[in-house]
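Subject: Two-chain model for you to look at

Dear colleague,

Here is the structure I promised to pass on, together with my notes.

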Amino acid sequence: MTAGSIIEAAGLTKHFPARRGLFGGDRGVVRAVDGVSFAIDPGKTLGVVGESGCGKTTTAKLVLGLEAPSGGSIRFEGHDLAALDAAGRRRYRRSVQAVFQDPYASLNPRMRISTIIAEPLVTNEATNPGNVRQRVLELLDLVGLPERSADLFPHEFSGGQRQRIAIARALVLSPKLVVLDEPVSALDVSIRAQILNLLRDLQQRLGLSYLFIAHDLAAVAHMSHDVVVMYLGKVVESGAARAIALKPMHPYTQALFAAALPSHPDEQREEVALSGEVPSPLNPPGGCRFHPRCPHATARCAAEEPPLIKVADRMVACHLLA
Amino acid sequence: MSTVSPPLLSLEHLSAHYVSQQGTRVVCAVDDVSLRLGAGETLGIVGESGSGKSTLALTIMRQLPTAARIVSGRMMFEGENLLDKSDAEMRRVRGKRIAMVLQDPMASLNPLFSIGNQVGEPLRVHEGAPVAKAWAKAIELLRSVRIASPETRATQFPHEMSGGMRQRIVGAIGISCEPRLLIADEPTTSLDLTIQAQYLNLMRDLQREHGLALIFITHNLGIVAKMCTQLAVMYAGRIVEQGPVKRIFSAPAHPYTKALLGSIPRMTDGHDRLTAIEGQPPDLSNLPQGCAFAPRCPKATAHCRAEAPIEFILADGHSARCWLASGSATA
């Protein structure tokens with residue numbers, strides 16, 4: 001949206017072919033991500049919110065280059081990813097790193113911490129071993145682990161410490177954008193705040209941009225500058241995190257925030273009871289994808305898909321607000 | 001916790017240990033736990049992984065793994081000590097008077113039996129209901145947990161259900177024999193937000209209809225704030241603070257509870273730093289001398305490191321195991 005964005009996605013689309021039956025051929029596609037646009041400025045965090053099947057992980061994979069988009073484009077520092085040559089793609093991969101949900105699954109149990117953290121460096125840069133060791137120790141210090149951790153194995157660490165190791169590995173190539181896919185969901189409650197604070201500090205010190213994916217709305221609202229709310233592969237609302245948290249506009253966002261658990265027993269929340277469950281993205285409902293569950297749906301909602309338009313301080317896709 | 005009538009469940013100085021095969025290593029997973037729960041009340045047990053909250057639930061059900069032993073204490077349920085019961089007697093309590101709902105609904109359902117069969121099973125086993133009657137009751141139960149077209153669903157199998165439906169079906173099995181107490185161990189961790197809200201509202205309705213006492217075992221303080229009237233906070237096998245939810249949320253007495261409440265991000269708190277709890281949860285087989293939280297506690301004194309705190313009663317039903325709470329309390 002602004003010219004200075006580090007990454008900008010426009011009309012990003014990913015359809016997976018779906019096979020039906022043992023002998024059936026291709027029939028239909030799963031519209032995992034359908035025309036999603038967003039931009040992240042340097043040093044800022046974009047939060048992506050939605051329930052399972054809304055396409056947030058597919059979006060992360062598209063940004064990481066782990067999946068090729070079926071349509072739309074991603075521009076990184078102004079360059080279209082699809083137009084990059086091999087060397088350009090290598091540079092892109094170095095600039096974008098990821099931290100995943102489960103630090104018990106994302107670290108190789110047979111590798112020492114120093115090898116784990118140095119691996120991206122060894123793969124991507126021709127540096128001498130002394131420099132590599134130096135860089136590993138720098139990163140351990142950066143994420144708040146003692147130097148002696150370098151020679152230990154993952155099983156010797158707790159969940160929170162493992163996530164620090166995963167963060168160190170993501171930062172070893174000095175990336176510009178880090179994709180955080182549920183980075184604290186697998187951690188203990190008392191450890192979550194440590195990791196969120198660490199991520200916040202690192203962002204300020206290194207000027208990192210984050211794509212923050214989580215289902216914990218309060219954590220997203222706390223960490224993000226901007227938020228994108230997704231439902232069944234579509235963006236239903238996007239804008240400044242604080243504005244959306246304080247006053248959600250789209251009926252789905254309202255229901256989502258009403259469903260979020262209170263932080264105090266005296267906190268009164270308007271109950272917006274949503275009936276039913278998220279439909280299959282293989283066969284999404286026509287018109288507005290949310291209309292079968294929407295408490296305010298009209299005939300127009302079932303017939304016509306609402307465009308994402310600017311309403312007040314944000315973008316919303318809803319006929320009722322147009 | 002100060003109900004006039006005798007409580008439904010009362011645990012008195014209950015301890016359960018895991019013992020290694022050689023008997024050399026002992027893990028005190030549940031250590032001197034006392035709590036009371038009245039009929040129709042909702043108790044939240046909060047703690048991190050390894051705090052002993054799930055072991056406590058299994059202790060109440062007398063379903064501990066073979067390596068674990070209940071070493072001391074009493075468990076009074078409806079006036080009887082559950083620890084005096086034989087295994088056969090205990091089988092008649094489990095599922096009938098005390099039921100449990102586990103975290104992973106796919107693991108609690110048998111993939112080879114139809115939903116109607118599984119929901120009706122406790123009725124056949126505990127009440128000797130004939131198959132047709134159990135099936136009819138199963139359909140009724142499925143309807144009460146808001147499964148659409150229960151007649152068809154009863155003939156289907158677990159893999160044909162969504163995650164939220166499976167969790168509701170497990171709930172239907174839990175309430176099938178109208179138990180007095182339902183223990184739910186992290187019941188909504190695998191569910192999406194809007195589905196979680198549906199499920200919690202359903203639990204609340206079922207509780208009102210059946211006068212059920214509920215124990216929610218969770219690491220999520222939000223669930224406690226929404227659902228519970230009583231709260232017990234566990235740390236390293238011990239209950240460090242317990243009392244009415246509103247009181248603890250407004251005026252936590254134990255530094256761990258305080259830190260836990262302060263570490264949750266809030267919707268509207270902007271971009272301030274969270275108050276994190278430094279350090280790691282302790283290793284239960286190698287607990288520090290004195291208070292287990294002392295190494296992470298910002299206010300720990302020499303006394304805390306030397307001697308484990310006793311339970312101080314702060315107010316009606318509110319107590320904390322912390323030397324620092326002793327000023328305003330009676331032991």
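This is a predicted model: local features need pLDDT of at least 70, side-chain atom pairs count only at pLDDT 80 or more; totals for chains, interfaces and linings use all residues.

Residues are numbered from 1 along each chain as its sequence is written, and chains are lettered from A and ligands numbered from 1 in the order in which they are written.

**The two chains**

Chain A contains 10 helices and 12 strands, and chain B contains 12 helices and 12 strands; helices (H or I, at least four residues) and strands (E, at least two) are DSSP runs, numbered from the N terminus. The C-alpha trace of chain A spans about 70 × 55 × 45 Å along its principal axes, and that of chain B about 65 × 50 × 45 Å.

Of the 322 residues of chain A, 45% count as buried, and of the 331 residues of chain B, 48% do. Here a residue is buried if 20 or more other C-beta atoms lie within 10 Å of its own, exposed if 12 or fewer, and partly exposed in between, with C-beta atoms placed from the backbone. Among contacts between residues at least 6 apart in sequence, 65% in chain A join residues at least 24 apart, and in chain B the share is 62%; two residues are in contact if their C-beta atoms, placed from the backbone, lie within 7 Å.

**The sheet of chain B**

Chain B has an open sheet of eight strands with mixed pairing, in the order β6-β7-β8-β3-β9-β10-β12-β11, where two strands pair if DSSP finds at least two bridges between them. Its edge strands, each pairing on one side only, are β6 (98-101) and β11 (312-315) of chain B.

Within this sheet, β6(B) and β7(B) pair in the parallel sense over four bridges, with A99(B) standing opposite L182(B). On to β8 (residues 213-218) of chain B, β7(B) again pairs in the parallel sense, over five bridges, and L182(B) has L214(B) as its bridge partner there. The chain crosses from β7(B) through α8(B) to β8(B) in a right-handed β-α-β crossover, meaning that, with the strands pointing away from the viewer, the path from the first strand over the helix to the second runs clockwise.

In a regular strand the side chains alternate between the two faces of the sheet. In β7(B), L181(B), I183(B) and D185(B) on one side and L182(B) and A184(B) on the other are all buried. Further along, β9(B) and β10(B) run antiparallel and are joined by six bridges, and A232(B) stands opposite Q242(B) in β10(B).

**Where the chains touch**

In all, 37 residues of chain B are in contact with 34 residues of chain A. On the chain B side, α8 (193-210), α9, α10 and α11 each supply at least two residues, and α8(B) gives the largest share, six residues. By class, that side has 16 nonpolar, 14 polar and seven charged residues; Ala, Val, Leu, Ile, Met, Phe, Trp, Tyr, Cys and Pro count as nonpolar, Asp, Glu, Lys and Arg as charged, and the others, Gly among them, as polar.

In helix α11 (residues 255-262) of chain B, the buried residues are P255(B), Y256(B), T257(B), A259(B) and L260(B). They pack against α6 (189-206) of chain A, and also against α9 (221-227), β9 (230-235), β10 (238-244) and α10 (245-250) of chain B.

Lastly, R296(B) lies in the loop between α11 and α12 (302-306) of chain B and counts as partly exposed because it has 18 C-beta neighbours inside 10 Å. R296(B) is 41 residues from P255(B) in sequence and 9.6 Å from P255(B) in space, C-alpha to C-alpha. Not counting residues up to four places away in sequence, R296(B) touches I277(B), E278(B) and G279(B).

With best wishes
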